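I opened the model to look up its sheets, its pockets and a few single residues. My entries follow in the order in which I made them.

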Amino acid sequence: MLTWKDVINFSVKGNPTPDKRVEKTEDEWKEILTPEQFRITRQKGTEPPHSGALCSIYDEGQYNCVCCNTPLFDSTIKFSSGTGWPSFTQPIKSNAIKYERDTAYGMVRVEVMCNTCDAHLGHVFPDGPEPSGLRYCINSESMVLEK
């Protein structure tokens, strides 16, 4: 189980090696993504709170990266955080997520990305439920639910 200390270590010392890499040009991403998916995943955008289709869905399945279909999160670790974005306590595998320090907007946060294709997913915070204490706050547009 990953902890906040692990997240910080990854963001400072380097991320785990992904199982594979997927790299495409900007034009190739634009061909397979909607304009909103492209804005969020490739340009580090954010959807408005409570607007995402996956925000209030708790169906069984796994949440995959919308860009490369890499499994990111399992539905069993999704929880209602009240923040307006889908929230999870752990990635499906420790090397599924890439972590980077984010100092935008005058604050320090940890950005989370797909470790396979570098798609922006959202951020992780140390205010989630036990036992991990983590809250992965993820844009709905960056994922697809595979039931």
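**Entry 1: a hairpin**

I started at the hairpin of β1 and β2, where five residues lie between the strands and Asn69 has a positive phi near 65°. This is a predicted model, in which local features need pLDDT of at least 70, side-chain atom pairs count only at pLDDT 80 or more, and totals for chains, interfaces and linings use all residues. I note that residues are numbered from 1 along each chain as its sequence is written, and that side-chain values use heavy atoms, with hydrogens and water left out.

For naming, strands (E, at least two residues) and helices (H or I, at least four) are DSSP runs numbered from the N terminus. Two strands pair if DSSP finds at least two bridges between them. By that rule I have β1 (residues 62-65) antiparallel to β2 (residues 71-74), with three bridges.

**Entry 2: the three-strand sheet**

Which strand order does the open sheet of three strands have? I read β2-β1-β9, with antiparallel pairing. β2 and β9 (143-146) are the edge strands, each pairing on one side only. Neighbouring strands here are turned by 30° against each other on average, direction ignored; the axes are lines fitted to C-alpha atoms, for helices over the stretch in contact, and angles run from 0 to 180 degrees between N-to-C directions.

I then followed Tyr63 to both sides. Its bridge partner in β2 is Phe73, and in β9 Tyr63 stands opposite Leu145. The antiparallel pairing of β1 and β9 runs over four bridges.

**Entry 3: Ser75**

Ser75 sits in the loop between β2 and β3 (78-79). Is Ser75 buried or exposed? I list Ser75 as buried because its relative accessibility is 14%; buried means under 20% relative accessible area, exposed over 50%, and partly exposed in between, with a 1.4 Å probe and protein chains only. Not counting residues up to four places away in sequence, Ser75 touches Asp59, Glu60, Gly61 and Tyr63, where contact means heavy atoms within 4.5 Å.

**Entry 4: the six-strand sheet**

The other sheet I looked up is open, has six strands in the order β3-β4-β8-β7-β6-β5, and pairs in the antiparallel sense. β3 and β5 (97-102) stand at its edges with a single partner strand each, so one side of each has no neighbour in the sheet. Helix α1 packs on this sheet, touching β5, β6, β7 and β8, and its direction makes about 75° with that of β5.

I went through the bridges of β7. β6 and β7 pair over four bridges; Val110 stands opposite Val124, and Val112 has Gly122 as its bridge partner. The hairpin of β6 and β7 has five residues between the strands, with Asp118 at a positive phi near 70°. On the β8 side, I again find four antiparallel bridges to β7, and His123 has Cys137 as its bridge partner.

Why do I call β7 largely enclosed by the rest of the structure? Five of its six residues are buried, so I do.

Trp4 belongs to helix α1 (residues 4-13). Its relative accessible area is 28%, so I put Trp4 down as partly exposed. Leaving out residues up to four places away in sequence, Trp4 touches Val110, Val124, Phe125, Pro126 and Leu134. Trp4 and Pro126 are 122 residues apart in sequence, yet their C-alpha atoms are 6.0 Å apart.

Thr3 is in the segment before α1 and counts as partly exposed at 31%.

**Entry 5: the largest pocket**

I found a volume of about 300 Å³ for the largest pocket. A pocket is an open set of points on a 1 Å grid over the protein atoms alone where a 1.4 Å probe fits, with protein on both sides within 12 Å along at least five of seven lines; lining residues have an atom within 4 Å of a point. Points are joined across faces, edges and corners, and the volume is the space filled by probe spheres set on them.

Of the 17 lining residues, Gly45, Thr46, Arg109, His120 and His123 are closest to the centre. β6 (109-114), β7 (120-125) and β8 (135-138) each supply at least two residues of the lining, and β7 gives the most, with five.
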